[in-house]
There are 2 protein chains.
Amino acid sequence: MTSKVTPWEVPAKIDYEKLVKEFGLEFFSALPVQFSKNMLFRRKIVFAHRDFARVASAVENRQPFVMMTGLMPSGKFHFGHKMVAEQMIFYQKLGAKVYITVADVEAYNSRIPDMGQLRTTAIEEYLMNYAALGLDLNKCDFYFQSMRSKDGKKSSAYYSLANMLARHATFNEFKAIYGDISPGKMASALLQASDMLHPQLPQFEGPLPVVVPVGCDQDPHLRIARDMSQRIKAFNFIQLSSTYHKFMPGLKGGKMSSSDPTSYIALTDTPEEASKKIMKYAFSGGRESLEEHRKKGGNPDIDVSFQMLKFALEQDDEKLNSVYNDYKAGKLLSGELKQIAIEKIVLFLKEHQQKMQKSRIAVEKFVEGQGF
Amino acid sequence: MTSKVTPWEVPAKIDYEKLVKEFGLEFFSALPVQFSKNMLFRRKIVFAHRDFARVASAVENRQPFVMMTGLMPSGKFHFGHKMVAEQMIFYQKLGAKVYITVADVEAYNSRIPDMGQLRTTAIEEYLMNYAALGLDLNKCDFYFQSMRSKDGKKSSAYYSLANMLARHATFNEFKAIYGDISPGKMASALLQASDMLHPQLPQFEGPLPVVVPVGCDQDPHLRIARDMSQRIKAFNFIQLSSTYHKFMPGLKGGKMSSSDPTSYIALTDTPEEASKKIMKYAFSGGRESLEEHRKKGGNPDIDVSFQMLKFALEQDDEKLNSVYNDYKAGKLLSGELKQIAIEKIVLFLKEHQQKMQKSRIAVEKFVEGQGF
């Protein structure tokens, strides 16, 4: 039995140590120096991995590798998504070819039957934000599950891999991961495995290290893709690498949910909306009374404003540490901590939304060029 | 409960009347005059249909329609396959665009894991024989399930249809047809439904009548494709049409089996091999003794030599009838009937194999042009 870790548990309750043991993951030991420049790795928000050594080695020796990830085109692009985007951009700068799949077939098969709406959301919400955050679209392979490539040999290879992988797993294996599996879920699951593995096909990059950064709830998907990749003899897949990041808490302390706008801050929220959301909803780690807070101190580990600084807004470790310590010591009040987060987020959103406007034309050109 | 009609039942035992009722098929009534020129329709070897009226109407009004069929690239091309090829050629001459899929993904997922071998068999056995029989390759859309098209939009549309159809059926529906279903069978089944339906996608012909000629054991595949086609709202599929042909008996009277060369005559068997096979194996409808045969007559309905004349070798209905009557009356002996079949088959194979040699270059050019 695996733990039931789902994104909607309260993050503070997740025992990541236990998870690593149960899933058979590993904590990072020595990483190439470049990784210390990345906040998510430095702060152990990206906290564990499988088979990361060959990716680290590719980075050190400047050898080709791929970073592969996906997006589910539903709802607004929020800070949870941003954390993944930051990893894309980081790996791209390290020299990775970045593969990004829009899981529109998966979305169609699970909830949203309007393919046109899925396409619009993917471009307007995700691609626009990626570009504004600094992703170089021209060095990406950004594609839709429903429309892989203008090149038919590439498209066919991608889809046929999914269909051939089907031979190499049982229903029980899929059921263990996906629960009550339907034909639609089955098709999506196979396509997801091909998303992860197809960069190594001869029609794409050929065998090379591929890293898939995921939340730790996603590990079962990795496991089945890894199993199938070693069973299929028609190709020589190098085993997948993966990294695991912690869950960014939702505004109210629970899960971040696309269907509940009070659970997240979207990167297209106006600075005013964002400020109000933090004031009104951000879960506080403070004490019941001012007096008690001054005396016993607050708990930054469950305070969402602090977590936002840690996950996204405060790049400077020293400053983050002093906020942490001040809050814990009762020197910093909850309202003051919220104010720090608000100032940071207002600044970020203003700049980011300007960048979005500036990158619109480039995104439109890219989309046109791809023929989506 | 549907009848368990499988290709390996003795054909004489199949009650086609009952089958038509149980499956909800229809016998042909009035057909356009062109169909009377086709031996398979005239002799009611193609004996029933679903929704054929719109195909008949397209033929009469010279409107576009598609004939779709598939081949499983295993073993030799034999007279059972020829019967399907004759239908392709007939429809092509009537103006149909002919779609032919090589079910290599299905073959991979069910038995033969060597994609290279599947490709070779499809070209050397099937395509070569199709061309020699008179199929105009340049008016076909001949493709592999694993490699749909050089055009990525077409490829993606074909595979994505399979993945989207998955949403519109349940596992129980697939189980009812495929029995103990595995992920591999599931993927193949969805691809097969897309084979039948994708000609109507905007990237291909758009909505139009599509006729799928099958053996009556294949009707469950048609039924599930028909059901899914009407449930999926993303496309406006015209309901599939289908025709049902009787089973050509195997040489020894039972099933024709690719794994048993004494059960069929391949179109690449030498005339000598073919003659020997008929002499040695062809199941006879004759009586135990010559005397009894002369007195009571033979049974042409179970005599394989006669069935070969009826299904393939004797184009002339009058001649076929006189053979039938003479045999039934005891005037024609079993050895004599075999001799008639042998003469016909020797003549056919000699001519056919010359045609195969002549069409080799055209086939190779076609294959090269398609980029298989």
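Me: Is Arg360(A) buried, partly exposed or exposed?

Reply: This is a predicted model, so the answer is a value computed from predicted coordinates. Arg360(A) belongs to helix H15 of chain A, which covers residues 334-370. A residue needs 20 or more other C-beta atoms within 10 Å to be buried and 12 or fewer to be exposed. Because Arg360(A) has 14 C-beta neighbours inside 10 Å, the class of this residue is partly exposed.

Me: What is the C-alpha to C-alpha distance between Arg360(A) and Ala132(A)?

Reply: Along the sequence, Arg360(A) and Ala132(A) are 228 residues apart. In space, taken from C-alpha to C-alpha, the separation of Arg360(A) and Ala132(A) is 8.7 Å.

Me: How does the radius of gyration of chain A stand against the globule rule?

Reply: Chain A has a secondary structure of 15 helices and seven strands. For its 372 residues the globule rule gives 21 Å, and chain A is as compact as a globular protein of that length, because its radius of gyration is close to that figure, at 21 Å.

Me: What percentage of the residues of chain A count as buried?

Reply: The C-alpha trace of chain A spans about 70 × 45 × 45 Å along its principal axes. Among contacts between residues at least 6 apart in sequence, 75% join residues at least 24 apart. Of the 372 residues in this chain, the share that counts as buried is 46%.

Me: Which residues have the most contacts inside the largest nonpolar core?

Reply: The largest nonpolar core has 206 residues, and those with the most contacts inside it come from both chain A and chain B. One of them, Ala193(A), is in contact with Ala162(A), Leu165(A), Ile224(A), Ala225(A) and Met228(A), once its neighbours within four places in sequence are left aside.

Me: Which element gives the largest share of the side of domain 1 of chain A that touches domain 2 of chain A?

Reply: Chain A is divided into domain 1 (11-247) and domain 2 (261-357), and their C-alpha centres lie 30 Å apart. The contact takes 15 residues from domain 1 and 16 residues from domain 2, and the elements that give two or more residues to the domain 1 side are H2 (39-42), H4 (79-93) and H6 (115-133) of chain A. On that side, the largest share, four residues, comes from H4(A).

Me: How do the residues on that side of domain 1 of chain A divide into nonpolar, polar and charged?

Reply: The domain 1 side gives 15 residues to the contact with domain 2 of chain A. By residue class, they divide into eight nonpolar, three polar and four charged.

Me: Which element gives the most to the side of chain B that touches chain A?

Reply: In this interface, 33 residues of chain B are in contact with 33 residues of chain A. The elements of chain B that give two or more residues are helices H5 (104-110), H7 (152-165), H8 (171-178) and H9 (183-197). By class, the residues on this side of chain B divide into 16 nonpolar, eleven polar and six charged. The element that gives the most, with nine residues, is H7(B).

Me: Is Arg62(B) buried, partly exposed or exposed?

Reply: Arg62(B) sits in the loop between helix H3 (53-60) and strand S3 (66-71) of chain B, and its phi is near 50°, a positive value in a residue other than glycine. Because Arg62(B) has 9 C-beta neighbours inside 10 Å, the class of this residue is exposed.

Conventions:
Residues numbered from 1 in each chain as written. Chains lettered and ligands numbered in written order. Predicted model: local features only at pLDDT ≥ 70, side-chain atom pairs only at ≥ 80, totals over all residues. Contact = placed C-beta atoms within 7 Å. Nonpolar A, V, L, I, M, F, W, Y, C, P; charged D, E, K, R; others polar. Rg over C-alpha atoms; globule rule 2.2 N^0.38 Å. Core = buried A, V, L, I, M, F, W, Y, C linked by C-beta atoms within 7 Å. Domains from an automatic or database assignment.
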